[in-house]
2 protein chains.
Amino acid sequence: MALKTNGARPTIAVDAMGGDNAPDQVVRGALQAVEGGARVVLVGPEELLQPRLKDLGGDLTILDAREVVGMDEPVGQAMRRSDSSLRRALDLVATGEAAGAVSAGNSAAIMALSVTILGRQAGVDRPAFGGTLPNRHGGVFVLDIGANSTVKPNNLLQFAVMGDVFVRTSRGIESPRIALLSNGTEDSKGTKEIKEANEALHRLDLNFIGNVEGNQIFEGLADVVVCDGFSGNVLLKASEGVAAEILGLLKREIEKDLLARVASTALIPTFQRIKRQVDFEEYGGVPVLGINGVMINCHGRSKAKAVTNAILLAERLAKEHLLERIGESLHEEALEAGRRRRLARALHLRPSHP
Amino acid sequence: MALKTNGARPTIAVDAMGGDNAPDQVVRGALQAVEGGARVVLVGPEELLQPRLKDLGGDLTILDAREVVGMDEPVGQAMRRSDSSLRRALDLVATGEAAGAVSAGNSAAIMALSVTILGRQAGVDRPAFGGTLPNRHGGVFVLDIGANSTVKPNNLLQFAVMGDVFVRTSRGIESPRIALLSNGTEDSKGTKEIKEANEALHRLDLNFIGNVEGNQIFEGLADVVVCDGFSGNVLLKASEGVAAEILGLLKREIEKDLLARVASTALIPTFQRIKRQVDFEEYGGVPVLGINGVMINCHGRSKAKAVTNAILLAERLAKEHLLERIGESLHEEALEAGRRRRLARALHLRPSHP
């Protein structure tokens with residue numbers, strides 16, 4: 001197999017075997033991206049993938065990998081597989097043959113293998129999963145959403161810096177509004193860790209707007225919300241649950257009532273617009289932040305569209321040099337000396353001009 | 001002033017000055033409850049409340065209290081007020097002149113004063129705020145939703161026992177399904193505290209169904225969800241936020257489109273049914289659990305309807321002997337010996353038959 005990495009668009013490695021709908025939906029998603037001009041290497045068992053590609057009438061470079069990481073497989077077991085499609089996809093990023101990787105597989109395994117194979121970025125103690133919560137203001141980026149159940153204040157500061165860079169890079173917002181998730185807006189609210197992080201964030205050169213509560217996230221107050229992975233997971237999952245519940249309720253209530261049923265046909269385009277705006281699948285995938293490479297983790301239930309979007313996101317992050325930008329931001333010369341020293345201390349960096 | 005505490009319905013003390021809409025909406029809510037046959041004592045500055053009652057053409061017993069606890073007042077300051085309407089309402093519960101109290105005021109002050117004036121129940125280390133999240137299965141009771149930012153495994157066990165009794169008492173469910181909020185359904189998911197609590201809960205004589213994630217709460221899998229107050233707050237606030245966002249989106253999308261606007265008039269009853277089902281205000285208030293008395297804390301934004309509902313809830317909990325039931329449950333003789341010992345140890349009780 002010869003990888004084509006030259007040309008205008010970077011190559012993205014796609015774990016064909018990750019996710020509840022793998023490999024079918026993953027293959028379809030990859031083909032759709034390629035039809036739009038993307039360069040993709042599909043990673044997985046060749047004898048399984050080749051016939052599917054043929055059936056779908058598509059042509060993709062395949063990198064053979066004999067093993068598959070199960071969705072609920074313990075991380076230790078996943079790590080011991082030397083020829084899994086996930087590991088091989090990350091290897092391509094490590095060698096530079098791919099500019100980024102995408103997988104809808106086991107999240108814990110994705111995080112563990114990403115850190116092992118690609119390594120942590122300098123100045124980052126704990127990499128994080130970021131995720132976008134949809135709202136009518138273009139969404140809010142939340143991190144961590146599941147990698148770190150408990151965090152120290154320094155981890156929260158690092159998440160804030162990484163989130164700031166990610167949103168500047170992916171959405172082009174010049175000075176993203178950063179907020180800290182707490183159980184009250186006052187600076188004094190929250191756990192010990194949150195209070196310390198709040199105090200430190202006020203001193204960093206970020207557009208830190210203070211604490212927000214769960215409900216304010218949807219009001220568009222902040223572009224980045226920083227939290228521990230446990231709360232972030234609760235936030236994300238609860239939001240998904242409520243959205244699904246209300247849309248389901250709407251459907252059932254309309255079906256109960258003949259007049260409503262007739263009237264609702266006129267509302268179908270409206271309902272579809274709403275569904276798109278609150279559809280978590282639209283967002284494709286979430287980056288693993290703080291590692292030396294671009295790795296996008298899609299939801300386990302991802303269908304083709306989400307895989308395509310994740311490939312495009314990986315491509316964009318690679319092209320826009322996300323990693324270098326995070327690195328620069330952690331070292332940021334522009335920070336005034338005192339602030340820099342405090343940031344540096346928080347981030348365990350040695351300031352270049354003491 | 002002579003309090004009437006005899007008769008079929010128990011007297012409920014209402015803090016007339018608590019909440020963003022106090023005293024007007026609180027007085028209205030109390031009057032509505034009394035019109036339905038409830039017995040209420042309104043607590044607050046008599047010279048302020050008497051004219052309002054007159055304007056509204058109502059008649060209520062007033063207990064004069066000269067001070068008001070501010071909504072954002074620090075707890076220490078609130079505790080120092082010797083004649084606040086909140087303190088006086090709780091005093092009535094402590095002396096037995098009222099069977100329960102209701103306040104839409106400062107939650108932190110409500111918790112602190114409840115514990116100080118009424119005391120903790122035997123076997124309870126940390127009282128908790130419970131709250132009901134609406135879903136189409138009649139709602140799920142979540143605790144803690146804000147009193148304890150961090151918890152130990154024993155606190156979570158105690159929350160489970162209190163939640164079990166509350167749901168049996170308030171909703172008549174014989175064997176409520178109890179779940180633990182985590183960032184994954186596997187027993188191995190969550191923080192150290194949650195893993196320990198999960199293990200211990202499996203051994204208690206409760207209908208413990210294991211861990212649930214935020215999205216599953218709305219699927220009706222559990223009747224009680226146990227969590228620390230920080231995650232509980234995130235869960236509750238995020239759910240409120242998403243519900244408000246989607247209903248707002250629906251309204252705006254319909255207004256954009258003439259055909260949709262016309263069609264939607266036929267859907268008004270449907271929308272109203274949905275709004276009622278996801279309306280957090282319908283639920284009135286949340287009990288402070290683990291204290292020696294009935295105290296219902298309403299949302300600060302409560303209007304009359306929520307206050308009325310809170311009064312009815314306080315009445316019901318008093319009549320059905322919630323406290324005694326929680327006490328019995330903590331001591332539960334029916335638990336087999338081994339289980340009892342473990343529960344007793346977890347709850348710091350001395351088993352009666354070792």
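Predicted model: local features only at pLDDT ≥ 70, side-chain atom pairs only at ≥ 80, totals over all residues.
## How the two chains meet

Let us begin with the pairing of the chains. In chain B, 46 residues are in contact with 46 residues of chain A. On the chain B side, the elements giving two or more residues are α8 (229–256), α9 (258–265) and α10 (268–277). Of these, α8(B) gives the most, with 19 residues. Sorted by class, this side of chain B has 20 nonpolar, 18 polar and 8 charged residues.

How are the two copies related? Chain B is superposed on chain A by a rotation of 179° with 0.0 Å of shift along the axis, at an RMSD of 0.1 Å. That is the relation of a two-fold axis. The same surface serves both copies, as 100% of the contact residues of chain B recur in chain A.

## Two domains within chain A

Within one chain there is another contact to look at. The domain assignment of chain A gives domain 1 (1–119 + 291–320) and domain 2 (131–281 + 321–354). The contact between them takes 12 residues from domain 1 and 8 residues from domain 2 of chain A. On the domain 1 side, α5 (107–118) and α11 (304–319) of chain A are the elements that give two or more residues, and α11(A) gives the most, with 4 residues. By class, this domain 1 side divides into 4 nonpolar, 4 polar and 4 charged residues.

## The sheet of chain B and its helices

Turning to chain B, you will find an open sheet of 11 strands with mixed pairing, in the order β3-β2-β1-β4-β11-β10-β5-β6-β9-β7-β8. Its edge strands are β3 (61–64) and β8 (208–212) of chain B, each of which pairs on one side only. From one strand to the next, the twist averages 30°.

One pairing to trace is that of β5 (residues 128–133) and β6 (residues 140–143) of chain B, which run antiparallel and are joined by 4 bridges. Here G130(B) stands opposite L143(B) of β6(B).

| Helix of chain B | Strands of chain B touched or crossed | Angle between directions |
|---|---|---|
| α1 (residues 24–35) | β1 (11–15), β2 (39–44) | about 165° with β2(B) |

## A buried helix in chain B

Helix α4 (residues 85–94) of chain B has 8 of its 10 residues buried, so this helix is largely enclosed by the rest of the structure. Which residues of α4(B) are buried? They are S85(B), L86(B), R87(B), R88(B), A89(B), L90(B), L92(B) and V93(B). What covers them includes β1, β2, β3, β4, α5 and β11 of chain B. After α4(B) comes G96(B), whose phi is positive, near 85°.

## A buried strand in chain A

Strand β2 (residues 39–44) of chain A is also worth a look. Because 6 of its 6 residues are buried, β2(A) is largely enclosed by the rest of the structure. In a regular strand the side chains alternate between the two faces of the sheet. In β2(A), R39(A), V41(A) and V43(A) point one way, V40(A), L42(A) and G44(A) point the other way, and all are buried.

The strand β1 (residues 11–15) of chain A pairs with β2(A) in the parallel sense over 5 bridges. Within this pairing, I12(A) has V40(A) as its bridge partner.

## A cysteine in a loop

Our last stop is C227(A), in the loop between β9 (224–226) and α8 (229–256) of chain A. Is C227(A) buried or exposed? It has 30 C-beta neighbours inside 10 Å, and therefore counts as buried. Leaving aside residues up to four places away in sequence, C227(A) touches V142(A), D144(A), L181(A), G232(A) and L235(A). S182(A) is 45 residues from C227(A) along the chain, and their C-alpha atoms are separated by 8.1 Å.

Key. Residues numbered from 1 in each chain as written. Chains lettered and ligands numbered in written order. Contact = placed C-beta atoms within 7 Å. Nonpolar A, V, L, I, M, F, W, Y, C, P; charged D, E, K, R; others polar. Least-squares fit on C-alpha atoms with pLDDT ≥ 70 in both. Domains from an automatic or database assignment. Pairing = 2+ DSSP bridges. Axes fitted to C-alpha atoms, helices over the stretch in contact; angles between N-to-C directions. Buried ≥ 20, exposed ≤ 12 C-beta atoms within 10 Å, placed from the backbone.
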